[in-house]
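Welcome, and thanks for taking a look at this structure.

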Amino acid sequence: MKKTLAILLLFLFLAACAVRQPLNPPPQDPLLIEATLSPAEEAARNNAAISESSVKIIQFDEPRPGDLIAVINTTAGEIRARLFMEHAPKTVAAFTKLADGGFYNGQSFHTVVEGYKIECGVTGADDSPFPDEREFSLELWNFRGALSLTNNGADFMIVHAPRCLNPASELTELNFPGKVVDMYIDAGGAPHQDWENPVFGAVIEGMEVVDKIASLPTNEDGAPEEPAVITEIQIITAE
């Protein structure tokens with residue numbers, strides 16, 4: 001009898017455990033339940049956390065021995081860009097892998113916006129090797145001549161903007177570091193892309209070619225009527 005009672009009690013205990021629910025749900029990460037921020041709000045929040053002393057402007061420095069250089073041969077001329085492996089290792093590794101494999105050969109700059117950007121690659125590529133987690137760096141910003149990822153597949157863009165696309169007062173309101181604001185005003189660029197499109201390179205030769213491609217006549221969709229085509233991208237090492 002005692003054995004039967006013990007088995008019955010054990011059965012009831014296990015049944016109760018099977019349906020037991022926590023009285024309170026586990027606490028949620030506030031970042032997961034936070035209302036979606038606009039790009040400007042997100043930029044302002046990220047910029048506010050930056051210490052001015054931690055920002056170094058390196059994109060206009062001369063390449064160092066051992067730096068990777070992308071030689072982008074196009075039907076409009078040659079563009080050379082320094083790649084920042086130290087600051088965007090996964091992105092640069094993916095870009096060089098695609099370039100070495102001939103992925104960009106024969107592809108055109110399918111979108112050009114004079115005063116803003118030229119863009120090349122494959123939009124919505126399912127097998128893009130670029131990292132899902134975007135590599136942002138306090139050393140790299142969307143100044144004129146920057147190579148940046150876009151939000152589509154294996155696309156990249158080169159910032160054309162010879163003038164800053166935002167007034168200095170607006171950048172200050174968005175908490176951009178002072179030295180970054182100064183460089184945007186001096187060099188030009190597209191600061192609204194910061195924290196959206198991560199920079200992984202910078203043009204060191206051939207901005208006149210970028211200017212030429214950006215000035216191509218386009219249709220109403222922004223596609224060049226006679227686009228410039230990449231014939232090959234070679235990855236070399238600076239000496």
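Where in the chain is the place of Asn166? Asn166 sits in the loop that runs between strand E6 (156–159) and helix H5 (168–173). Please keep in mind that this is a predicted model.

**The chain as a whole**
- The chain has 239 residues, and 41% of them count as buried.
- Its secondary structure is made up of 7 helices and 8 strands.
- The chain has an accessible surface of about 13300 Å², and carbon and sulfur atoms account for 54% of that.
- If you take the contacts between residues at least 6 apart in sequence, 76% of them join residues at least 24 apart.

- Is Asn166 buried or exposed? Asn166 has a relative accessible area of 11%, and it is buried because that value is under 20%.
- The side chain of Asn166 makes a polar contact of 2.7 Å with the side chain of Glu170.
- Leaving aside residues up to four places away in sequence, Asn166 touches Leu171, Ile185, Pro191 and His192.

- Asp61 is found in the loop between helix H3 (39–48) and strand E1 (68–74).
- With a relative accessibility of 41%, Asp61 counts as partly exposed, because this value falls between the 20% and 50% cut-offs.
- Which residues line the largest pocket? Asp61 is one of them, and the lining also includes Gln59, Phe60, Glu62, Pro63, Arg144, Ala202 and Met207.
- Asp61 and Ala202 are 141 residues apart in sequence, yet their C-alpha atoms are 9.8 Å apart in space.
- Strand E7 (residues 199–205) gives the most to this lining, with 3 residues.
- Sorted by class, the lining of the largest pocket holds 7 nonpolar, 2 polar and 3 charged residues.
- The space in the largest pocket comes to about 190 Å³.

**The second largest pocket**
- About 160 Å³ of space lies in the second largest pocket.
- How many residues line the second largest pocket? There are 13, and Arg64, Asp67, Arg82, Glu86 and His87 are the ones that lie nearest its centre.
- The lining of the second largest pocket divides into 6 charged, 5 nonpolar and 2 polar residues.

Note on methods
Residues numbered from 1 in each chain as written. Predicted model: local features only at pLDDT ≥ 70, side-chain atom pairs only at ≥ 80, totals over all residues. Heavy atoms only, no water. Helix = DSSP H or I, 4+ residues; strand = E, 2+ residues; numbered from the N terminus. Buried < 20%, exposed > 50% of the residue type's maximum accessible area, 1.4 Å probe, protein only. Contact = heavy atoms within 4.5 Å. Areas by Shrake-Rupley, 256 points an atom, 1.4 Å probe, with all protein chains shown as cover. Polar contact = N/O pair within 3.5 Å; in protein donor to acceptor, adjacent residues only side chain to side chain. 1 Å grid on protein atoms, 1.4 Å probe; cavity = no way out; pocket = protein on both sides within 12 Å on 5 of 7 lines; lining within 4 Å. Points joined across faces, edges and corners; volume = space filled by probe spheres on them. Nonpolar A, V, L, I, M, F, W, Y, C, P; charged D, E, K, R; others polar.
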